[in-house]
Amino acid sequence: SRSVHQIQSGQVIVDLCSVVKELVENSLDAGASSIEVRFRNNGIDAIEVQDNGSGIAPADYETVALKHYTSKLASYADLTSLSTFGFRGEALSSLCALSDFHILTARATDGAKGTRLDFEISGKLRGTSVVACQKGTTVVVENLFKNLPVRRRELERNVKREYGKVLTLLQAYACISTGVKVAVSNQPKKGKKVVAFATNANPTTRENIANVYGAKTLTALIPLDLSLEMVPTEPGHDSPHTVHLRGHISRPVVGEGRQTPDRQMFFVNARPCALPQVSKAINEVYKSYNITQSPFIFANLVMDTNAYDVNVSPDKRTILLHDQAALLDTLKESLHAMFAAHEQ
Ligand code: ADP
Ligand code: MG
């Protein structure tokens with residue numbers, strides 16, 4: 001029978017995307033300037049995330065994959081400001097319960113010696129061994145959902161769609177993460193390794209977009225830089241504040257057809273997330289100018305951490321904006337003004 005730990009783990013790690021999200025965010029939290037994501041058989045056989053970040057301290061080997069262990073939450077204040085992505089200490093422990101899981105880690109560049117960590121299903125450290133390894137951490141997840149047969153079959157059956165979703169997510173991380181090299185590849189069951197995309201450690205998101213979507217994409221984009229003045233509508237909630245919408249968006253040219261890849265990426269304070277209502281509002285504005293194709297949107301909402309909730313879903317991708325209705329109205333107004341300015 002299945003343990004409670006396995007069932008709970010299945011709620012943190014629900015699919016390929018949640019694995020990749022957790023591991024990439026751990027690498028970013030570790031201060032990596034290079035992240036390599038390698039899939040084998042589109043992730044069905046293995047997912048490997050290698051970074052050149054801080055590495056794991058030997059003192060943490062015993063605890064690192066235990067449930068609720070996190071090195072990131074220093075105080076309650078941290079929980080409300082969430083400067084790091086992780087804070088629950090659930091990802092590694094869940095992966096131990098759901099896959100063949102191990103870690104390679106090294107704290108220093110010299111000597112190229114590191115440690116391999118193997119774990120029990122419970123997350124308890126099973127053993128360590130010395131391996132050749134660069135500074136940083138490589139997390140290896142093999143045979144994901146090996147003990148959840150229904151989930152495993154679902155993954156195998158929908159692998160094309162799942163892999164597509166995971167690439168889209170990785171593109172979002174690669175575009176928003178300035179100063180971080182991101183490389184993604186897949187080794188199919190037969191034949192040569194395929195490089196999906198790669199970015200340099202660019203100083204700007206613009207250059208990241210060029211690396212991911214091709215330099216030509218940039219010619220169809222203009223910078224998005226709106227300051228939305230928010231007056232709170234819910235009593236007791238927040239003071240007046242400004243929400244900045246920064247990024248890149250399709251040129252607002254009336255009547256123009258397809259010119260940019262049909263991609264929309266949303267972030268709140270640089271955290272990739274789904275914002276379907278914001279997407280809908282922007283699409284509507286473009287449609288109202290007879291632009292038939294939905295615009296390319298790369299939009300980072302920079303806002304007060306009190307103005308939204310991130311931890312409403314286990315995967316932290318669902319964001320609840322407190323003043324959503326007001327924000328959408330102000331956003332539409334600003335976009336209309338942007339179109340008007342562009343016409344002159
Ligand atoms: P959380 O990210 O919420 O702390 P995780 O289960 O994702 O929980 O990770 C547990 C701990 O393992 C982290 O707090 C961190 O100390 C360590 N860790 C995980 N991944 C890495 C990494 N790539 N580099 C360095 N340390 C890591
Ligand atoms: Mg984490």
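How are α9 and α10 oriented to each other, roughly parallel or roughly perpendicular? Before we get there, note that this is a predicted model, where local features need pLDDT of at least 70 and side-chain atom pairs count only at pLDDT 80 or more, while totals for chains, interfaces and linings use all residues. Residues are numbered from 1 along each chain as its sequence is written, with chains lettered from A and ligands numbered from 1 in the order in which they are written.

Now the helices (DSSP runs of H or I, at least four residues, numbered from the N terminus, as are strands, E, at least two). Helix α9 (residues 276-288) packs on helix α10 (residues 324-343) at about 30°, with the axes 10 Å apart; axes are lines fitted to C-alpha atoms, for helices over the stretch in contact, and angles run from 0 to 180 degrees between N-to-C directions. The two are therefore roughly parallel, a label for angles under 35 degrees. On the α9 side, Q277, V278, A281, I282 and V285 meet α10 residues, L328 and L331 among them; contact here means C-beta atoms, placed from the backbone, within 7 Å.

Next, look at the sheet. It's an open one of eight strands, ordered β5-β4-β3-β6-β2-β1-β7-β8, with mixed pairing (strands pair if DSSP finds at least two bridges between them). β5 (125-132) and β8 (194-198) sit at the edges with a single partner strand each, so one side of each has no neighbour in the sheet. Further in, β2 (residues 46-51) pairs with β6 (residues 136-142) in the antiparallel sense over six bridges, and I47 has V141 in β6 as its bridge partner.

Finally, helix α6 (residues 159-176) lies across β1 (34-40), β7 (181-187) and β8, running at about 160° to β7.

Technical notes: Angles under 35 degrees count as roughly parallel, over 145 as roughly antiparallel, 65 to 115 as roughly perpendicular and the rest as oblique. Two residues are in contact if their C-beta atoms, placed from the backbone, lie within 7 Å.
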